[in-house]
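Have a look at the fold, then read on.

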Amino acid sequence: MFNYIIKRFKKIVIRILVLMFFLTFSLMAFLYLNYKLGNKYPNPDYVYTYIDNNKTDTYLNEKNKEFLKEKDIWAIRLDKNGEVIESFNKPREIKNKFEITDVAGFTRYYLADYPVFTYIIEGGLILFAYPKNSLDKFPFNYYSYKNLIFNLWIFALFLILFLLFVYIFYRIDIRNILKNILPFQKGIDELFEDDYEKLDESGELRDLALSINKANEKYNNLKKSQSKWIRGVSHDVRTPLAKISWELNKENKNDLDTKNIQDQVLKISNILEGLNLTLSLANIDKESFKADNPLKIIRKLIVDKLNENPGRQIIFENKLENQDLRIKMDPTLFYRMNENILKNSLIYTDGKIKLTLSAYEDKIIITILDQGPGISEDIIKKISKEDLTNVTKHGLGIFIAEQIAKLHDGKFIIENKNPGLKVSFIFDLVN
């Protein structure tokens with residue numbers, strides 16, 4: 001879920017940055033084009049160059065006056081004493097003589113609110129005055145007043161558009177997030193219901209869907225295990241409890257068979273231990289399993305059992321060409337799985353026991369074969385159907401071994417060989 005939020009956040013940020021870049025680029029391009037194409041008035045330097053190139057004995061001759069009139073510019077020429085010696089369209093409020101302080105003022109700023117531009121010529125100055133509110137004159141530059149106001153409006157419009165698009169993207173992303181999360185909310189609400197519908201395990205929320213589906217699967221497995229546990233307890237504990245009750249109800253307490261009571265209590269204890277293990281297997285997370293070598297675990301198991309049963313014969317046949325093959329496992333459970341089968345053979349048979357380790361293609365095969373009478377086909381069917389009722393003699397140990405094999409994604413095969421019982425485990429190898 002956190003990864004999904006991070007991804008969505010990244011998408012939103014990227015969209016906003018792309019939008020900001022696009023709008024900024026568009027704004028700059030628009031401002032540039034507006035500056036290049038929207039100049040109503042010519043550059044003052046261009047005006048001076050034109051006037052200077054076309055002067056005769058006077059600067060403001062007829063040709064230059066026509067040019068100035070066309071450009072809506074008035075002009076005056078001052079001598080070195082500040083007196084007007086030539087003029088064109090000079091407004092009435094403009095003086096005919098200027099002091100040096102006046103010259104300093106309008107050279108740097110404005111003359112009667114007219115933006116004027118001053119150039120030095122022989123014997124004095126020439127001034128070109130643009131209409132009021134036409135150009136903004138700065139001490140270092142000039143700019144179109146109307147363009148400035150217009151561009152400020154454009155900037156405000158682009159800012160509003162940017163905020164609007166950000167809001168639209170926000171609404172779209174929030175709607176998509178809610179749309180994607182809604183099925184998961186429903187799945188969580190129905191997680192422990194019998195009619196739970198498996199979530200689609202694709203898209204951006206694939207990890208969350210996997211987790212919720214996995215939680216439901218674990219819950220169902222736990223519920224099944226609890227049901228098996230209850231059925232197993234109700235069926236298999238009943239008989240030893242009845243025997244204990246029968247002993248305790250004897251009128252003559254001296255006739256109590258304490259050995260029988262102890263045996264029945266031990267039997268109940270073993271039953272509960274086995275059933276508890278089957279219940280706990282439903283809660284084990286096999287994602288924590290690691291690749292390990294089964295050969296060393298098999299060897300340790302055989303050594304342990306021979307030490308416990310020095311009079312018995314366990315034949316180990318290692319057919320592996322590569323002694324370092326590995327499977328993904330939990331070493332403790334893997335040991336218990338093989339121990340259950342080997343222990344049953346040691347308890348319920350008297351002959352030789354053969355344990356074979358072999359490999360075929362990308363699989364490893366573990367086979368345990370004894371020389372006993374085998375087990376009831378009814379027990380085998382109950383184990384295959386995961387029915388724990390009346391399997392507590394040695395069927396419960398086999399059932400636990402099968403459950404551990406399944407937990408390791410392995411295959412479990414059990415068959416009577418007449419004589420003997422053969423149990424095989426098949427697992428996929430890992431690199």
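Is Asn-64 buried or exposed? Asn-64 is buried, because its relative accessible area is 0%, and the cut-off for buried is under 20%. Keep in mind that this is a predicted model.

**Around Asn-64**

Asn-64 sits in helix H3, which runs over residues 62-70. Its side chain gets to 3.2 Å from the backbone oxygen of Ile-51. Leaving aside residues up to four places away in sequence, Asn-64 is in touch with Tyr-50, Ile-51, Asn-54, Lys-55 and Tyr-59.

**The big picture**

Zooming out, the protein is built from twelve helices and 14 strands. Of its 431 residues, 38% are buried. If you take the contacts with a separation of 6 or more, 61% of them are between residues 24 or more positions apart.

**Aromatic pairs**

The structure holds eleven aromatic pairs. Here are two of them, side by side:

| Pair | Geometry | Centre to centre | Between the planes |
|---|---|---|---|
| Tyr-50 and Phe-67 | stacked | 3.9 Å | 20° |
| Trp-74 and Tyr-114 | edge-to-face | 5.3 Å | 85° |

Take the stacked pair, Tyr-50 and Phe-67. Tyr-50 belongs to helix H2 (residues 44-53) and Phe-67 to helix H3, so this pair ties together parts that are 17 residues apart in sequence.

Now for the edge-to-face pair, Trp-74 and Tyr-114. This one links distant parts of the chain: Trp-74 is in strand E1 (residues 74-79) and Tyr-114 is in strand E4 (residues 114-121), 40 residues apart. Both Trp-74 and Tyr-114 are buried.

There's also an aromatic cluster, made up of Phe-334, Phe-412, Phe-425 and Phe-427. Phe-334 leads us on to helix H10, where it is one of the buried residues.

**Helix H10**

How far apart are the end C-alpha atoms of H10? They are 26 Å apart, and that agrees with the 26 Å you'd expect for the 18 residues of this helix (residues 331-348) at 1.5 Å a residue. There is a bend along the way, though: H10 has a kink of about 25°, centred on Glu-339. Glu-339 itself is buried, and so are other H10 residues, including Leu-333, Tyr-335, Met-337, Asn-338, Asn-340, Ile-341 and Leu-342. Further along, Asn-344, Ser-345 and Leu-346 are among the buried residues of H10 as well.

As background for reading such a list, an α-helix has 3.6 residues a turn, so residues three or four places apart point the same way.

At the start of H10, look for Asp-330: one of its side-chain oxygens comes within 3.1 Å of the backbone nitrogen of Thr-332.

**One last stop**

Ile-379 is part of helix H11, which covers residues 377-384. With 16% relative accessibility, Ile-379 counts as buried, because the cut-off is under 20%.

Methods: Residues numbered from 1 in each chain as written. Predicted model: local features only at pLDDT ≥ 70, side-chain atom pairs only at ≥ 80, totals over all residues. Heavy atoms only, no water. Helix = DSSP H or I, 4+ residues; strand = E, 2+ residues; numbered from the N terminus. Expected span 1.5 Å × (residues − 1). Bend = angle between axes of the 7 residues up to and from the residue. Buried < 20%, exposed > 50% of the residue type's maximum accessible area, 1.4 Å probe, protein only. Polar contact = N/O pair within 3.5 Å; in protein donor to acceptor, adjacent residues only side chain to side chain. Contact = heavy atoms within 4.5 Å. Phe/Tyr/Trp six-rings, centres within 6.5 Å; stacked < 30°, edge-to-face > 60°.
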